[in-house]
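Please read it alongside the sequence and structure shown here.

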Amino acid sequence: RQRMGEFPVKIEMLSRFRSSAEQADVVQRVADGIIDIVIGTHRLIQKDVEFANLGLVIIDEEQRFGVADKERLKKFRKEVDVLTLTATPIPRTLHMALVGVRGISIMESPPPGRQAVKTYVTGYAEDVVRRAVLAETDRGGQVYFVHNRVQSIEAAAARLRHLVPEATFVVAHGQMPSAKLERIMVDFAGGKADVLVCTAIIENGMDLPNVNTLIADECWMFGLAQLYQLRGRVGRSANQAYAYFLYSPERRLTEEAQKRLHAIMESSELGAGFRLAMRDLEIRGAGDLLGADQHGFANAVGFDLYCRMLADAVKEAKGEPADELVMQIAEIGLPIDAYLPDEFMTGYETKIREYQHLARAISLNEVEAVIASMKDRFGSFPEPVENLAYIVRIRAKATVLGIESI
């Protein structure tokens with residue numbers, strides 16, 4: 001409203017924090033076309049909300065909306081323009097951008113004076129929590145403690161009060177009455193408590209420059225995008241911020257959880273969201289462009305051929321000449337471990353590049369050239385890489401013979 005004050009534009013807000021009468025009034029004026037811009041939460045996609053002439057949908061924090069939610073927004077009008085904003089695009093959206101189905105623009109410059117958040121991933125220890133809280137409160141700052149279980153959040157807050165009696169604590173979660181939750185958040189923002197014990201409700205929209213330490217309990221339960229968004233709640237000023245991702249030392253983490261935690265610890269520099277999204281795409285897969293699955297692989301035709309066919313279809317829709325598929329690439333599925341391990345090739349960018357080289361090598365000569373180049377740069381192959389080279393050679397021979405799959 002402040003920015004648009006000089007223009008004849010009516011702007012309203014719709015969320016559960018408004019009374020029923022206020023919500024009904026806004027919904028009616030949106031339907032009548034009296035309101036030009038309406039800013040809202042998921043409340044905007046409920047069935048009672050209708051638009052007189054919807055022209056643009058802007059989805060902020062896209063990773064918080066499911067496919068069904070976004071499709072509901074687009075169905076308001078067939079020719080609606082959609083702009084999605086996110087620091088960590090979901091695999092499905094990122095893949096659509098990479099193959100050309102959607103446009104993508106990246107902003108990498110951080111605000112002036114912003115520092116990278118120092119990130120620690122470690123087993124839960126009371127002395128770590130106590131030191132982290134006291135270090136922040138001693139310099140006049142505040143702390144987020146994320147415990148993402150409503151049933152046990154009060155017990156977690158009680159343990160913290162006993163562990164750090166010098167600090168003051170308040171509890172907030174999404175199942176609270178809206179008036180009470182709003183009052184707690186306003187009080188915390190005003191500095192009336194040192195630590196906010198909360199669920200992942202703070203994941204989006206919180207911009208409190210005085211909160212510069214985040215402690216996330218049982219971090220293995222969060223997705224990669226969630227971990228990144230939670231870390232982004234601190235370090236909103238020029239002060240050095242800290243993020244502690246903790247897990248129970250006795251818990252055996254799954255391989256995927258270990259990959260997520262390793263990725264969030266590696267990507268602590270400013271503007272790492274796109275890199276993390278690429279890593280998430282690598283871990284979870286690209287999803288279904290025509291259905292509701294937000295991640296997973298298109299195994300029916302082989303992922304490489306699928307991407308090439310999709311890119312050609314996009315070019316055809318744009319009126320551009322498509323690349324001809326000279327031959328059907330053989331699909332190889334053998335029960336052996338075939339991949340590029342971390343100890344052989346560090347850095348996910350390097351691995352993605354080498355996977356691409358292997359995927360593009362169709363003839364046996366091209367395959368041997370790529371394999372020779374990898375041996376020259378990275379040394380002798382461990383067993384998974386030998387298996388990968390073996391599979392790529394078989395694929396090249398099978399493709400020439402016209403074999404569809406082995």
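A crossing of two helices is called right-handed if the near helix is turned clockwise from the far one by less than a right angle, and left-handed if it is turned anticlockwise. By this convention, helix α7 passes helix α8 in a right-handed crossing. The model discussed here is predicted.

**Helix packing**

Helix α7 spans residues 224-231 and helix α8 spans residues 255-266; their axes come within 9 Å and cross at roughly 35 degrees. On the α7 side, the contact is formed by L224, L227, Y228 and R231, which meet R260, L261, A263 and I264 of α8. Of the residues in this contact, six are nonpolar, two are charged and none is polar.

**Two buried residues**

T213 is placed in strand β9, which covers residues 211-216. Its relative accessibility is 2%, and because burial is assigned under 20%, T213 counts as buried. The side chain of T213 makes a polar contact, at 2.6 Å, with the side chain of E136. Beyond its neighbours within four places in sequence, T213 is also in contact with other residues, including A132, R139, Y144, V234 and Y244.

L181 belongs to helix α6, residues 178-189. With a relative accessible area of 3%, L181 is likewise buried. When residues up to four places away in sequence are not counted, L181 touches R16, F17, A172, H173, M176 and I201. The C-alpha atom of L181 is separated by 9.0 Å from that of V171, a residue 10 positions away along the chain.

**Aromatic pairs**

The structure holds four aromatic pairs. Two of them are set out below.

| Pair | Distance between ring centres | Angle between planes | Class |
|---|---|---|---|
| Y120 and Y244 | 5.2 Å | 20 degrees | stacked |
| F344 and F381 | 5.6 Å | 90 degrees | edge-to-face |

Y120 lies in strand β5 (residues 118-123) and Y244 in strand β10 (residues 242-247), so this pair ties together parts that are 124 residues apart in sequence. What is the accessibility class of Y120? At 37% relative accessibility, Y120 counts as partly exposed, whereas Y244, with a relative accessible area of 16%, is buried.

The pair of F344 and F381 links distant parts of the chain, 37 residues apart. F344 is in the loop between α10 (303-317) and α11 (348-360), and F381 is in the loop between α12 (364-378) and α13 (383-400). Both F344 and F381 are buried. Together with F378, these two residues form one aromatic cluster.

How values were computed
Residues numbered from 1 in each chain as written. Predicted model: local features only at pLDDT ≥ 70, side-chain atom pairs only at ≥ 80, totals over all residues. Heavy atoms only, no water. Axes fitted to C-alpha atoms, helices over the stretch in contact; angles between N-to-C directions. Helix = DSSP H or I, 4+ residues; strand = E, 2+ residues; numbered from the N terminus. Contact = heavy atoms within 4.5 Å. Nonpolar A, V, L, I, M, F, W, Y, C, P; charged D, E, K, R; others polar. Buried < 20%, exposed > 50% of the residue type's maximum accessible area, 1.4 Å probe, protein only. Polar contact = N/O pair within 3.5 Å; in protein donor to acceptor, adjacent residues only side chain to side chain. Phe/Tyr/Trp six-rings, centres within 6.5 Å; stacked < 30°, edge-to-face > 60°.
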